[in-house]
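Thanks for coming. I will go through one model this morning, starting with a term and then taking the helix packing, the overall fold and the ligand site in turn.

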Amino acid sequence: MNRQELIAQIQQKKSFLCIGLDIDLAKIPTHLLAEEDPIFEFNKQIIDATHHLAVSYKPNTAFYEAYGIKGWQALEKTIDYINTNYPELFTIADAKRGDIGNTSTMYAKAFLEDLNFDSVTVAPYMGSDSVEPFLAFENKNTILLALTSNKGGVDFQGLKTENEELYKKVLKTALTWKNSENLMFVVGATKAEYFEDIRKIVPNHFLLVPGVGAQGGNLHDVCKYGLTKDCGLLINSSRGIIYAGTNENFAQEAQKEALKLQQEMATILDSSW
Ligand SMILES: O=C(O)c1cc(=O)[nH]c(=O)n1[C@@H]1O[C@H](COP(=O)(O)O)[C@@H](O)[C@H]1O
């Protein structure tokens with residue numbers, strides 16, 4: 001999917017919601033455990049109930065890898081289900097990869113070609129030749145960790161080098177890499193006070209913003225400086241939506257939480273567009 005299609009979908013749905021599919025078998029309704037593939041069944045029902053309210057889905061691969069071959073198969077079935085039934089949705093493999101060049105190429109093939117996600121999250125720590133193999137994929141997006149939502153995010157990302165925080169250096173340097181137009185950046189919702197500075201460096205790039213919901217980040221605080229003329233934001237909530245309900249009605253409960261966020265987003269977009 002290209003950027004214009006993502007923007008068109010945001011305009012049409014009045015939503016920039018990304019739902020995180022972080023599956024924990026200890027948290028899903030127990031009646032699903034009798035299913036042949038409880039993870040896929042859970043995801044399918046969540047997606048069917050919320051696809052009109054969200055523009056993007058983000059399975060974090062850790063939650064699938066943890067269940068071995070069955071987890072990986074459920075991930076594959078989930079992305080195939082989205083690509084077949086809701087091809088307009090922007091899909092993110094939250095895998096946080098990055099390695100020497102030929103290894104990164106294999107990671108990129110795994111997520112962008114074999115599984116056919118629209119994008120993958122990548123760590124910048126190993127530098128240009130670890131990220132450029134991802135950027136080389138046409139019509140795909142590389143979502144680079146800039147300033148993460150966790151408390152320890154500033155341990156290294158906030159360190160000053162040459163009088164500038166490392167995350168700013170990451171943003172500026174990444175813009176010089178080949179195919180940098182395929183970049184998006186991760187900035188945590190819990191770091192809303194940093195968005196003004198971040199938008200000075202990347203005024204137009206899309207930002208994936210996790211941390212709303214379970215981690216306490218605030219949508220309005222993020223939008224104050226994060227929003228661009230094309231929206232420029234994908235706001236992720238995982239646990240806050242998918243585990244809103246614990247019984248047979250879990251998908252409807254998830255839909256209610258997604259609707260609350262979508263309505264807030266519609267109000268924000270209406271007042272800024
Ligand atoms: O790359 C991410 O998606 C990510 C970056 C970050 O800075 N913080 C962060 O929470 N995430 C991911 O976003 C999701 C947040 O989940 P909830 O806290 O349950 O909404 C998890 O899959 C995290 O791994």
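Before the first helix pair, the term: a crossing is called right-handed if the near helix is turned clockwise from the far one by less than a right angle, and left-handed if the turn is anticlockwise. Please also keep in mind that this is a predicted model.

With that, take helix H2, residues 38-50, and helix H12, residues 250-272. Their axes are 9 Å apart, and the two helices pack at an angle of about 45°. H2 and H12 are therefore oblique to each other. As for the hand, H2 and H12 make a right-handed crossing. On the H2 side the contact uses Gln45, Ile46, Ala49 and Thr50, and on the H12 side Ala251, Gln252, Ala254, Gln255 and Ala258. By type, the contact of H2 with H12 has five nonpolar residues, four polar and no charged.

The second pair is helix H5, residues 101-114, with helix H6, residues 128-135. Here the axes come within 8 Å and cross at roughly 30°. Angles under 35 degrees count as roughly parallel, and that makes H5 roughly parallel to H6. The crossing of H5 and H6 is right-handed. H5 brings Gly101, Ser104, Thr105 and Ala108 to the contact, and H6 brings Asp129, Ser130, Pro133 and Phe134. The contact of H5 with H6 holds three nonpolar residues, four polar and one charged.

Now the chain as a whole. Its secondary structure comes to twelve helices and ten strands. Along the principal axes, the C-alpha atoms fill a box of roughly 55 × 45 × 35 Å. Does the radius of gyration go with that of a compact globule, or against it? For 273 residues a compact globule would have a radius of gyration near 19 Å, and the chain has 18 Å, which agrees.

Last, the ligand. Which residues are closest to it? Of the 20 residues that surround the ligand, the closest are Asn60, Thr148, Pro210, Ser238 and Arg239. Strand E10, 233-237, and helix H11, 239-242, are the elements that give two or more residues to this shell. The shell around the ligand divides into 14 polar residues, three nonpolar and three charged.

To recap the helix pairs: H2 and H12 are oblique, while H5 is roughly parallel to H6. That is what I have on this model.

How values were computed:
Residues are numbered from 1 along each chain as its sequence is written. This is a predicted model: local features need pLDDT of at least 70, side-chain atom pairs count only at pLDDT 80 or more; totals for chains, interfaces and linings use all residues. Axes are lines fitted to C-alpha atoms, for helices over the stretch in contact, and angles run from 0 to 180 degrees between N-to-C directions. Helices (H or I, at least four residues) and strands (E, at least two) are DSSP runs, numbered from the N terminus. Angles under 35 degrees count as roughly parallel, over 145 as roughly antiparallel, 65 to 115 as roughly perpendicular and the rest as oblique. Two residues are in contact if their C-beta atoms, placed from the backbone, lie within 7 Å. Ala, Val, Leu, Ile, Met, Phe, Trp, Tyr, Cys and Pro count as nonpolar, Asp, Glu, Lys and Arg as charged, and the others, Gly among them, as polar. A residue is near a molecule or strand if its C-beta atom, placed from the backbone, lies within 6 Å of it. The radius of gyration is taken over C-alpha atoms; the globule rule is 2.2 Å times the number of residues to the power 0.38.
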